[in-house]
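Subject: Structure handover

Hello,

Here is the structure we spoke about, for you to look through. My notes come after it.

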Amino acid sequence: MLLELVLFFTLAAAITTAAVMVPGLVRARGWAGIPLTLAILIAAGWLTGLIVHDPVAATILPLFGVGAVIETRRHLPQWSFLAAQLLSALLVASVVYLIYAGAQPFVDRLGLLGIAGSIVLLLLEASALALSVYYLFEILDVFSRWTRTAHRAESSYQPPVAIQVPCYNEPIEVVRETLAALSHLDYPNVLVQVVDNNTKDPQVWRPLEALCAELGSPFQFIHLDPWPGYKAGALNEATRRLPAHITILGIVDADYVVRPGFLKEMVGHFADDRVAFVQTPQNYRDWKDSGYLRGLFYSYRYFFDVTMPARANRNAIIFAGTMGLIRRSALEGIGGWEESVITEDAEASLRMLGLGSVGVFEPTVWGEGLMPLSFDGLKKQRFRWALGGIQILRRQWRELLPFTRHRLHLTWGQRLHYLFGSVHWFGDLLTVGFTLLLLLTAVAATIHHRLPVRELTGPILIVPLAFLVTGVLRGLWALRRAEQCSWGDALRALGIWFALSWVVTLAVVRGLHSRQAAFLRTPKQKATGNRLWPAVRSSAVESTLALLALVGAIVMLLAAPAVPTAILALMLLFEAWIFGSAPWASFAAEGIQLTPFRRIYGRSAQNTGERPDVATRAAALIPGALALVVIGVLAYGLLNAPPESGPPRQADLPTIGSITQRQLPATGPAPTPSAASTPTAAPTPSPSRPPSPTPSPSAPSSP
């Protein structure tokens with residue numbers, strides 16, 4: 001019965017995914033959605049009965065589907081029936097699949113090593129599926145919800161405000177645009193505090209000081225050198241130097257051009273004493289002329305168009321580091337910015353919400369910044385965001401898990417959003433793990449041995465492939481719906497998420513290995529000569545992994561050509577696509593036209609990802625060493641297992657678990673050549689994975 005349930009709910013999720021992609025259907029209400037929901041469940045039941053040769057299943061299984069939809073709607077009454085069905089189908093399919101796969105090693109009577117290996121594989125699959133369900137929840141919570149509560153701003157409330165502009169090593173031409181825009185703010189009582197932190201060269205910060213003097217009394221310049229704590233430390237000191245009557249703080253990155261009405265329209269939210277911070281979207285300019293920059297723009301925007309609105313439904317948004325306002329007393333009430341955490345903004349918002357405060361997300365765009373022009377700079381930025389997410393998890397994991405002792409008074413919804421906001425970075429580590437496992441499977445195909453993990457056979461093999469394909473389709477659909485972009489730009493955005501998988505893996509391992517904050521350095525200026533070598537250098541590791549995955553897929557098909565082998569090869573090709581996106585992104589970034597202003601911005605730390613006085617050593621070596629250990633352990637089990645007797649038959653197939661034919665239980669379908677328990681689709685970067693944005697210029701995620 002487990003097999004039938006897995007197939008039924010997997011097919012129901014796949015068919016419903018296709019249905020929600022039809023414009024308008026995801027919000028189909030009442031009687032418009034119920035018939036469609038029932039029709040999909042009946043179709044999934046009929047297909048399941050056809051696959052397992054059991055006509056009774058076609059009658060009984062839709063009843064399970066109806067029950068799951070009703071239970072989901074009971075908890076999420078604002079959702080449409082179709083959305084409730086999609087979430088419940090994916091959730092139940094995932095749970096039943098894990099039960100089925102978890103029981104398999106004991107049914108097959110594997111040895112201790114086989115059971116241990118199977119448990120590790122099961123944990124990887126469970127983690128990937130949990131992230132996939134969460135990504136889907138975010139998407140549906142935004143696109144299928146009928147009602148949404150918006151916080152109202154009181155236009156007559158106009159307290160004194162200080163806009164803080166943190167700078168490090170910024171070209172004066174970049175900051176000039178930011179300060180010129182702030183000088184035109186339509187607000188009666190504002191101070192602009194420019195905080196230059198650890199810029200060593202006086203020829204860089206002295207012109208900035210002169211510019212502030214030129215702009216007049218509303219502008220205050222502070223130069224801190226040397227100063228600990230990076231951006232957080234500089235902002236803490238700047239806040240201490242503010243006049244006592246300032247009650248609201250605004251943070252604007254040094255490359256942002258803010259619209260005049262920003263304060264006038266946003267400050268009114270603080271008339272409600274419960275509001276601790278207000279966040280508006282981080283938006284970007286100067287991107288429409290390049291396909292790469294368009295993809296990067298949409299990959300950033302996804303967080304503020306999907307993830308933040310979903311979090312706002314449960315008062316669980318983050319303060320994202322720029323284009324946001326914060327109540328000074330709320331910030332001082334938690335002891336200021338945490339200087340040991342790279343993503344001090346997101347960490348502070350968690351602590352403020354834990355004191356019972358309210359965070360307001362206002363979806364109106366009030367300013368535009370600049371995106372990194374080099375792939376190297378983008379990788380350093382994403383490294384910081386991911387490392388910051390792991391730091392938050394290490395510091396606050398007890399607050400985010402249920403049934404532990406809590407100091408912060410967070411709701412269940414807040415805990416889950418912040419927990420997955422940090423945990424989703426592990427999706428890239430899972431991707432690397434699945435890739436290594438599939439590569440070992442390809443090796444097993446060539447020498448006709450078996451890996452020390454369980455194997456699955458028969459119709460269950462379509463389940464991981466279905467998870468993979470439908471997950472990618474949902475991600476592309478969510479991107480197109482949220483951003484109103486073309487399929488080509490949606491694919492580019494997805495490719496950029498994929499391209500950052502390896503550097504996020506490095507950050508996760510670095511965050512788990514050390515409590516100390518660290519930054520990856522990058523060259524100060526974008527190359528203007530031969531761009532081939534910088535592009536190759538920026539993606540060398542990812543290119544190697546992509547090539548190995550491609551070769552592994554070909555070897556697997558040549559060693560044992562068959563349908564199950566093709567499924568495994570497709571999974572490897574998907575991993576090749578993920579890592580192959582990095583050289584594509586690297587070469588595409590090198591092809592950006594360098595206008596005069598872009599050449600200037602190329603020197604900015606906002607573009608290069610540079611930060612003062614730090615360097616990361618050995619961070620890139622840790623994942624490699626870990627990978628070698630994993631490969632060594634699995635290879636030992638592989639090479640020391642006895643080969644199957646007799647020459648390999650044409651039907652022999654590579655499996656994660658076995659490459660030989662195995663008979664199915666008598667109660668199952670007709671015997672099928674064995675194939676692997678393949679890893680589930682490593683979670684696509686959100687539609688989560690929009691990286692949780694953190695500091696400058698940001699977006700998070702993520703899916």
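Below is what was found, going from the whole chain to single residues.

Please keep in mind that this is a predicted model. The chain has 703 residues, and buried residues account for 62% of them. Its accessible surface is about 26200 Å², with 64% of that belonging to carbon and sulfur atoms. The secondary structure consists of 24 helices and twelve strands.

Among the strands, three form an open sheet with mixed pairing, in the order S5-S10-S7. S5 (257–258) and S7 (283–284) are the edge strands, each pairing on one side only. Between S5 and S10 (residues 367–369) there are two bridges, and the pairing is antiparallel. In S10, Gly 367 is the residue that stands opposite Val 258.

Another strand, S2, spans residues 190–197 and contains Asn 197. Is Asn 197 buried or exposed? Its relative accessibility is 6%, and buried means under 20%, so Asn 197 counts as buried. The side chain of Asn 197 also makes a polar contact of 2.5 Å with the side chain of Asn 198.

Regards

How values were computed:
Residues are numbered from 1 along each chain as its sequence is written. This is a predicted model: local features need pLDDT of at least 70, side-chain atom pairs count only at pLDDT 80 or more; totals for chains, interfaces and linings use all residues. Side-chain values use heavy atoms; hydrogens and water are left out. Two strands pair if DSSP finds at least two bridges between them. Helices (H or I, at least four residues) and strands (E, at least two) are DSSP runs, numbered from the N terminus. Buried means under 20% relative accessible area, exposed over 50%, partly exposed in between (1.4 Å probe, protein chains only). A polar contact is a pair of N or O atoms within 3.5 Å; within protein, one must be able to donate a hydrogen and the other to accept it, and residues adjacent in sequence count only if both atoms are side-chain atoms. Accessible areas come from the Shrake-Rupley method with a 1.4 Å probe; for residues, only the protein chains shown count as cover.
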